[in-house]
Structure formats: structure tokens, C-alpha cells
Amino acid sequence: MSRRDDEIREEIHAHLALAIADRMARGATRAEAERAARAEFGNVTHVAEVTREVGRGVWLERLGQDLRYGWRALRRTPAFTTVAVATLALAIGANSAVFTVVNSVLLAPLPFRDPGRLYAASYLPTGLPFELPPGLDDRLYLEYRAHVSRFEQVAGYQRQALTLSGAGDATRLAGALASSTFFDVLGVQPALGRAFTAAEDQPGNERVVILSDGLWRTRFNGDRGILGATITLDGVPRTVVGVMPRGFTFPAASQVWTPLAVRLDAGNSFIFPVVGRLRAGATPEQAKSELAAIARAMPQDPRAAGFHPTAAIIPLKDTLTSHVRTSLLVLAGAVAFVLLIACANVANLLLIRAATRRHEMAVRVALGASRGRIARQLLTESVLIALIGGALGILVAFAGVRALLAMAPAGRIPRIGEVQMNGWVLLFTLAVSVITGILFGVVPARSGARREPHEALGQGMRLVGGPHHRLRSIFVTGEIALALILLTGAGLMIKSFLIMRSLDIGYDASRVVTMAVDLPSIAYPDAARIQAFHTTMLERLSRIPGASAVGAVSFRPMGDVGIMGDFQVEGPSPLPHGYNVDKPTVSPGYFGALGIRILAGRDFTAADRAGAPGVVVVSETVAKQIWPNASAVGRRISMQEHPGPNDWLTVIGVVNDVVQDAALSRHSTLYLPYLQTTSPFFLNHMTFVVRPAPGASVATAMRAALRDVDPAVPAQALQTMDQSMMETIAEPVFQMRLLATFAFLALLLAALGTYGVLAYDVSGRTREIGLRMALGATPGIVLRMVLGRTAVLALLGAALGVAGSLTLTSVLTMSLFEVKPTDPITLVAVTVVLMLAALVAGYLPAQRAAGVRALTTLLLHE
Amino acid sequence: MPTNSHGLSRIELLQGTLDLIILQTLRWGPRHGYGIAQMIRASSQDVLQVDTGSLYPALHRLERQGWIAADWSTSENKQRVRIYTLTAKGRKQLERERSQWEQLSRAIGAILTPAATQPESES
């Protein structure tokens, strides 16, 4: 028994004692008095119990009452409930869908053991014209691996693409080179077999491979006997030593891992990512100082003088997701705006509904319900609406996530395979629903509870004018402003996209079909054999019926690969130190096939071969920068650091610059003939291009030609240049589509909101309008009156929205191409679109108002 | 002799109304539960008889809301009793509830005796 129980008992006892004393004072006997007092009091236990109930569970009980009451109220107004719930389901669902992606990609820990201790180590030059992904060069990696103490272990890895042959059709696989420490560092061990041994880190011992669960199941039928078996990758037989557990595909959807055996090359250094597991008690700062110290203790490469490398220790997760972080957060922000607009809409609906419920509220107040209680009741109702909306929103989110994944550019969003709806998403949806319910419910609840009873009771059921007139206008203005901000964002992205698409990329190749091949070094060990393959391929391709021009290039525009380098000019050179150009290797006919124009001189021919004088074609910018006042043709340059007499190449032609990569800027380029290129490195990746005659289709024939020449080599990137272009700009296009979707939703909601408020206004002012008509106003005047009010609301909203856009759209800077975030044309265009939408939304109510007949309304209301 | 008039003329009180009556009763000074019940009965000429099963929960509820305060003390005949006092907050609440009640009863009165009222004017 608690103290409170005792007190209640004592209080009841005192009541009875006083009652008995009273009765005895009035002359009753003790026995009579006791009987009468007890009879009057009633059941003591019951009274004690109901008194005790006060306070306990009352909150919950009231909530239950409020919910039941709210539910009944919602069912009484099915139209309102349906519109509100549908609006919220859409908006909350969209938020949950975007959150699902944000959560899985940016927030969820990496699926490794204790992932918070995994860091990438990087020591790279800064201030380069391009950005290098974090990594160490091979020499530093070896030194670091031997001496690091702040990390338990470090591992090097490098993405690679490999051709699997001999097990079904030859296929290209995503894979990775991985040091023996790789799996230990990540804390993931093979489900079957073993990881790499330290001995397999040594060159010459690396003919082993570990498979992903997916590859093992799809290509090898999940056969456990695969351990010890040999598979052929890039023509090299390798022994399968392990299979990774399901779901492990790090880095970047890898399906095979081969040992990273570091072979130092005197002339070059290779940079690859290095990941380490921080020792317990060590900080990233300490690891950074240690890395810098180890790097500075190494002998300096004189060629690296002038570059200033910086040590960095970066959380592994950040290195994977940093490039999508901004755009995902922008999307999350955009979709939150949609929710805010939905909130404003529902709040307005609630205000309108509150006006029709004034009578009900007044009666409740008069019957003793406190204002707080009524406000709580109304708030419970709105949270209930939001929760129902949220529950349906989860269904919307399911569909939304699927649509997002389908729209997402393949391979561009990291961790996309991990995207899934989970408990966090449900929790997020619940929290967003409750917050949403409070957000849109609080103003209507406060003003709903503020009504004085006499007002409503006195006025009976009649609706006059519109209460909350000002509030509703504020909400509409606010949502128009938000919609304008989203429209501006989408407009900027669309404009940027249009500029990209209409960009003069330097070639005319929308229908040109490409096909890339990688020649494995086992079957094609030297330049002669690779060149023979290329020559045969070109010859076979040119015989395809419908092929009007063919060519080959070592790395095509809009591809994933690029090779840049410097060169020497004979005589005085105006070029700055470190002037880099693209250096693709091409076949004769390549320029013609792709539509690159020859501005001076000639194309390569079959005669530009080994043994013949060395030749080169330069692009326009190179020619202009080196020989501004004279013809480039006939001048000489060299690819060698210290050219000997035979290292000079004569410029035989000048072609226009082309756009090479996703940055969409025109590159300065030197083209070398493939028959004079001697390093297999510049030859074994080749893209063949075929320009089809009008109406012809050549892709199938191209694949067949490759199969004829070498069935073990798979065709890659068999697509048109137009598709390549779309792939290159897939990320901004993805962002544009999503932003446009959200902006469209926002526009629709804002238009609906505007319509709702004006329609309600008009219905509330029927009488006034009727009176005006009776006094001689024409339908035209009434129409203008309502549209005028629409225009005022829309203009106010647009002004706010423009101000908001100017402050907010700078977050898009990184995604925009040659468009400023404050682009005035876009701002004007979206403002016009928004004004039009608002006027359309206002037109229906305006027309209804204009149709009011003077006599009817006056009669109706008297 | 007091007549036992309940049954016929006993009116079931609405929750809010009971609160109002309790607050009003306490306006005349602190009182214990039994005293409140007696006073309501007396001042309504025996028409309103408060059920203890409603009175005590109401007292405890009003106490929770801070409209009344309770303290133990000893009555004239040495009985330890719980005395309820109207708080400043309760006084304000009483004013509000009373004016609402008056409006309501005027409104209901107007409905029941329509001849007595003027057709209201529209603003």
C-alpha cells in the first residue's frame, strides 16, 4: 500500500466519522447514524479505487479518448480525411524513400568488423588540376606497411576489371587486387577456404583467386569442389583458394580478388588506396603524423619535386561516399520541402475544417472541457492523421525506393547494394509522422481552442466570411515560396542538362557504335601481336554491311579511362612546366569515323607504321599554344624526356579539340598512330568505333566480328556514343530527374493549396459577391477580384521564394554545368511557371464567384 | 427532519459542472470533503447530492491541476481531516468557468424561451 492509498483511506474514514458525528448530533443513535452514513456514502472500496485512479493512467486514458474521438471525427469528414492522408502519405513516403538511401549510403556503418576504426591513408600531391582518390604510391606503401605502429595492420587494394573465360561465355568481371592483410583489416574472412598468405604478396606467387559468393553461385553452381580448381582470368590460370561470405563485395561490387603483388618499376610509381585498422587507443591525428614522418624519411624522387604531398587519414566510409554526399543531402532537403508544403496544405484544410466545427468545439467548451484539453484533442487528431499518412507512406516509400534504385546511375552511387528499408527507416517514418502531425496541427489546434463559446453558439451554424483568413494566406504564401525554391533548383539542373546536351563536343557521333576490348597479356604479350589483332579487327569491321566508317582509339571520349602526359617541343617552347595533354593511340580513319574534323594536314595512313618516320596529329589548342603564328604541320615534338635523334615525331595534321570526360571541357590532345606505338600498355585496351550508314544497324555484326577474331575476348561497352554521353552525365541527370519530380510535386501541392484557400474564400463570400453583383458589379469585375487576390498571394510567395532560392541554390554549384546558381533566366522562368499555376488554381474559384447570381444569394441567406 | 429527496430530483452532474461547483464552494473558505458535500447539498436546497464516487476523484483531479490545494489538519472533534483550499490559479479558473456557464445557460435559456430573445443581428 502506498502512502497515497493510506491517505485516501484516511480521508474516507474521516468523511464517515464526520457524517456519523453529524447524525448523532441531530439525535440518531450510533448504530442508526453509522448505517445511514454508510448507506449515503456508498461503496467505500469503489470510492477509494476511483479516487486512486485519478492521475494514474489518466494521461493514457485521455489519449485513448482523444484518439477515439478523433477517429470518429475523421470518419465524419471522409473527403477531408482522404485528401489529408493522401497528401501526407505521398510526402512522408517520399521522405522515407530518400531517407532509406541516405541512411544506407551515408549513415549506416560499413558492414565490416568494428568499422569505426577503419581509415584510409593517403599521401598525395595537392593542387593538381584533377583530383586523385586517396592512396599511397607503391614504394611508400611497402615502407609504411613495414613500419606503421598506429594501425594494427594496413592493406593495399586496387580495383581492376578481369575477363573470366573458360566457364561459359567470356565475361568481364569487376574485381580487386588485394594484399594478404586486406581481409584481416576489414575483419571479414572467407566463408569457404582461406584468405591470401603473406607469401602471395610476393611477385610470382600470385596465381590464386578468391571468389565472391554471388560469382560462386551463379558461375560455379555453388560447388564446394571449386576450392583448388583452376579458373582463367585475363588468360591467366589461377587456383581458387576461397569464397567470400554472401554480401561481401568490397571494393565497389567486386566479384574476384587476386593478390596485390607489388612490382616496383624504375620509371613509374603506381598509386592505390590503402586502408588500415586503427590500433586501440591511437587517434587518427597520431596516425597522420606517423604517416608524414615515414614518408619524409624516404628518399625523394627528383621528378616529384615541386609537388607538395600531404598526409591524410580519412574515415574509410567518407572516402567511399564523399562524392555523393552533397547531392544526397540536397535531395533530402528538397524532399523535406515537399513535406513542409504538404504540412501547409493540411494545416489549411484543418483551419477550414475547424471553421465548420466551431459549433462542436463551443459546446464542448461550454460543457466544461478546458481549452488545453480541446487543443490536445485537436492535436491528437492531426497526429492521428499524420500517423495514418505515415503508415501508408511506408508503402509509398517501398515503391519509391524501388524507383530510386531503378533510376540511379549504375555503379555511380556507392553502397547501392546495401540500400534497404529497415528499423531505422520505420523509426524515421514514425518520428517524421509525429513531428509532421504536430507541425501542421499546432496552429489550427491553438486557434480552434481559442474560440469563445458564445461566438459559435450565438451564431448558430452559419458560416460567415472566413476565420483564420490571415493564417491561411500565410500558409499559402509559404508553400508557394517553398515550391519556387524547389522549382528553381530543378530549373537550374534542367538548364544545365540542356547546355550539356547542346554542347559542341567536337565530334558528331550520336549514332556511332563503340565496342571496347581488353587484350589479356598472356595471349597478347607484345605490341606486334596486339597490333595484328587490331588490324584484323579493323579489316573485319570495315566489311560489315552498313558500316560507313571504322576506326579505333585507345581511350574514347566519354569513357572511364584516360592517359595524360607531357611532351617535348623541338626548339623554344612557350609551354608551362607540367603542361599535360591527352595521349590516345588511334588507327587511320578514326577521325572520320567519329566526325572529328581535320583542320590542317592529313590523317594517319597504314604507311605510318613501325620503321616509317614517327608522326603525330595534334589538336587545335596544342597547335595554337605552341605555334601561335605558324602552321603546326611539319614541326617536331617528342614523347621522350631527353629525345635522341630518332625520338622526334613530325606533326602531320591538326584536328579540332574534343570533349573527353565528365567535366565536359575540351582537352588538348596528341594522337599517336597505333602502328607506331610500342608499349602494350597503350595498346591492349582499345575501343573500336563504327559509323553506320543511315538506317543500318551494326552492333550485332560488331560482336560477331570480335567472336570471329578471338572468342576469348569479351565485348565491352557495346553502345552508341550518345549512350556513353548519357552515362557520363548520369549523375547530374539522376539528380535533375529527382529534383524535377519533387519540384513537380511541390508545384502540384502548392497549386492545390492555393485552389483550396480561394475556393473556400469564395464560398464564404458568396453573400458579399451576390451583394456586389446586385449593386452592379459585372462577372468580369468579380473574376478579376478573385484572380487579383490569387496574384497577390502568388507574388508574395514568389518574392519570398526568389529570396530563398538566392540563398539556397548555391548547394547545387557542384552539380551545375555552366549555369550559375543565381541564373536570372531560370529564376524568371520558374516564377512565370509558378504564377501561371497559381492563376490556373485561382481561375476555377474565380469563375465560380463570377457565376454567382445576385438574387439567389440574397434570398438564400435571409 | 431532512427529507430524503434524492432519486426523483437528483440531477446527474456533468464533469465540468461539478468542478465548477466545487471551486465555487471553496470560494467561501477551506473545507474538507464531507463539508463540501454538505455545503453543495445545502446551497442547492437538497437538489444536488454529490456522489462520493464523483466528489473525491474530482477533488484529487482539481488538486492535480493546481486549482485547489490540500493539507491535513485536525477538526474540532479531534478528527484528522484533509482540508481543501482554492488556489489563485483555481480562482482564475473559476472566473472563466463561471462566465462560460453563464453564457451557456443564457444561450440554452434563449433556446428554451425563444420569445424572450431578439433575432440576432449579423455583423
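Which residue in β11(A) does Ala120(A) stand opposite? I looked this up before anything else. In this predicted model, the residue across from Ala120(A) is Val275(A).

**Entry: strand β1 of chain A**

I then looked at the two strands themselves. β1(A) covers residues 118-125, and β11(A) covers residues 274-278. I found 4 bridges between them, and the pairing is antiparallel.

I also looked up the pairing of β1(A) with β12(A), which spans residues 309-315. These strands run antiparallel and are joined by 7 bridges. Here I noted Pro125(A), which stands opposite Pro309(A) in β12(A).

Next I asked how many of the 8 residues of β1(A) are buried. The count is 6, so I wrote the strand down as largely enclosed by the rest of the structure.

**Entry: helix α5 against helix α12, chain A**

I moved on to helix α5(A), residues 78-107, and helix α12(A), residues 371-407. Their axes come within 5 Å and cross at roughly 45°.

**Entry: helix α5 against helix α10, chain A**

I looked up α5(A) again, this time with helix α10(A), residues 316-356. The axes are 9 Å apart, and the packing angle is about 165°. The crossing of α5(A) past α10(A) is left-handed. The residues of this contact divide into 24 nonpolar, 4 polar and 2 charged.

**Entry: the sheet in chain B**

In chain B I looked up an open sheet. In what order do its 3 strands lie? I read the order as β1-β3-β2, with antiparallel pairing. β1 (31-32) and β2 (68-74) of chain B stand at the edges. Each has a single partner strand, so one side of each is left without a neighbour in the sheet.

I checked one of these pairings in detail. β1(B) and β3(B), the latter covering residues 80-86, pair in the antiparallel sense over 2 bridges. Arg31(B) has Tyr84(B) as its bridge partner in β3(B).

Technical notes:
Residues numbered from 1 in each chain as written. Chains lettered and ligands numbered in written order. Predicted model: local features only at pLDDT ≥ 70, side-chain atom pairs only at ≥ 80, totals over all residues. Axes fitted to C-alpha atoms, helices over the stretch in contact; angles between N-to-C directions. Left-handed = near helix turned anticlockwise from the far one by under 90°. Nonpolar A, V, L, I, M, F, W, Y, C, P; charged D, E, K, R; others polar. Buried ≥ 20, exposed ≤ 12 C-beta atoms within 10 Å, placed from the backbone. Pairing = 2+ DSSP bridges.
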